[in-house]
Each structure stands twice: as structure tokens, then as C-alpha cells.
Amino acid sequence: MPKIISNTIQFHISIYDKLEQTYLHLVLKRSETNRLYPNVWQAITGTIENNETSLQTALRELKEETGLTVKNVWNLPYITQYYDVYTDSIGLAPCFGGIVLDKEVTLSEEHSEYRWCNYEEARNLLPLPTHKSALDIFHFDILSGSLSDLYEIDFKRFNK
């Protein structure tokens, strides 16, 4: 019987392009040496380490995989679910969205390339349904919709 685990996160990153007057979304291409999904375009993903919270993992992975600094973060109202045949496990992963301060990406060894894309281009590059669904929610419900205030993370609450 498969075990249920929740030890990963998904983090969708965007920046507002003033010239184009639209949000651009960051997509990363996994290195060909990755065991799972080599050469696949994706959002930032990562594994929770030690006693980290999911949010701490997302922020650490953003820095490790891109070198970017986040300005705003949202807890997306979406949990991905997937089956890993190699470990016979069902994974559940919380999703986040973030706006970054600049577009200068420094890739880690996990990824071979990156692109800043408009919504349609990003969605077309992402083959995994869970990444498409989280992108849809981030783009339409948070960035362009009415749920931004409801799901934005207030970092002051963590510093009490």
C-alpha cells in the first residue's frame, strides 16, 4: 500500500513587466541528470529539510535555485498531489506564489535553463498538470483576481 508523504513544496515566481504591462512567470528546466523528470520545465520545487516549515523551504529553495529575492509571497489555495512509482508514495505539496524584485537569475545545478514568460507561454512550457493548475490559480486568482489580500502572507505574524 502506498504511503502518503508531504515533504515537498512548489513555488511559482513572477515579476511585473512595466513595459509589457503584464506579469512574467519564471519557469526552470530541470537538468538532464535529475532522476525524476529530467529536462522538464517546472516551477521551483524542493524538499523540506529538518524542522523547516513549508514556507521556510519555499524561501530557501528560491534562494538556492535562482538567487532571487522575494518581495511578496502568497499561500496558494491549492495542494498538489502526485504518485511516485519509485517510492510507492503519494505526495502532497503546498504551493506558494511570489513576486520578486529583479529578473537576474543565478541557476543552481538542478536546472539547465530558465525563461521569463507571459502566462500563455509559461503554461505551454509546463507539462505537469499540478504545475499548470497552481500557475492558473496564482495568475488568475492572486495576481489578476480578488484573492490577493486573502492569501498574501504577513511576515510580521512570524516575528512575534
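Biologist: Which residues does Lys-29 touch, not counting residues up to four places away in sequence?

Modeller: This is a predicted model: local features need pLDDT of at least 70, side-chain atom pairs count only at pLDDT 80 or more, and totals for chains, interfaces and linings use all residues. Numbering runs from 1 along each chain as its sequence is written, and side-chain values use heavy atoms, with hydrogens and water left out. Lys-29 is found in strand E3 (strands, E, at least two residues, and helices, H or I, at least four, are DSSP runs numbered from the N terminus). With contact set at heavy atoms within 4.5 Å, Lys-29 touches Asn-39, Val-40, Trp-41, Glu-110, His-111, Ser-112 and Glu-113.

Biologist: Is Lys-29 buried or exposed?

Modeller: Its relative accessible area is 19%. Buried means under 20%, exposed over 50%, partly exposed in between (1.4 Å probe, protein chains only). Therefore Lys-29 counts as buried.

Biologist: How many residues of H3 are buried?

Modeller: Helix H3 covers residues 129–143 and reaches 20 Å from its first C-alpha to its last, close to the 21 Å expected at 1.5 Å a residue (1.5 Å times one less than the number of residues). Among its buried residues are Thr-130, Lys-132, Asp-136 and Phe-138. H3 is mostly covered, and of its 15 residues the buried ones number 11.

Biologist: Which element gives the most to the lining of the largest pocket?

Modeller: The largest pocket has a volume of about 700 Å³. Its lining holds 29 residues, and Thr-8, Arg-30, Leu-36, Thr-45 and Tyr-82 lie nearest its centre. E2, E5, H1, E6, E7 and H3 each supply at least two lining residues. With four residues, the top contributor is E6.

Biologist: How many charged residues are in the lining of the second largest pocket?

Modeller: About 170 Å³ of space lies in this pocket. Its lining includes Ile-15, Tyr-23, Lys-71, Trp-74 and Leu-143. The elements giving two or more residues are E2, E6, E7 and H3. The lining divides into nine nonpolar, one polar and, for charged, one.

Biologist: Which element gives the most to the lining of the largest cavity?

Modeller: The structure holds one cavity of 30 Å³ or more, and the largest has a volume of about 40 Å³. Lining residues include His-12, His-25, Leu-26, Val-27 and Leu-135. The lining divides into seven nonpolar, two polar and no charged. With three residues, the element giving the most is E3.

Methods. 1 Å grid on protein atoms, 1.4 Å probe; cavity = no way out; pocket = protein on both sides within 12 Å on 5 of 7 lines; lining within 4 Å. Points joined across faces, edges and corners; volume = space filled by probe spheres on them. Nonpolar A, V, L, I, M, F, W, Y, C, P; charged D, E, K, R; others polar.
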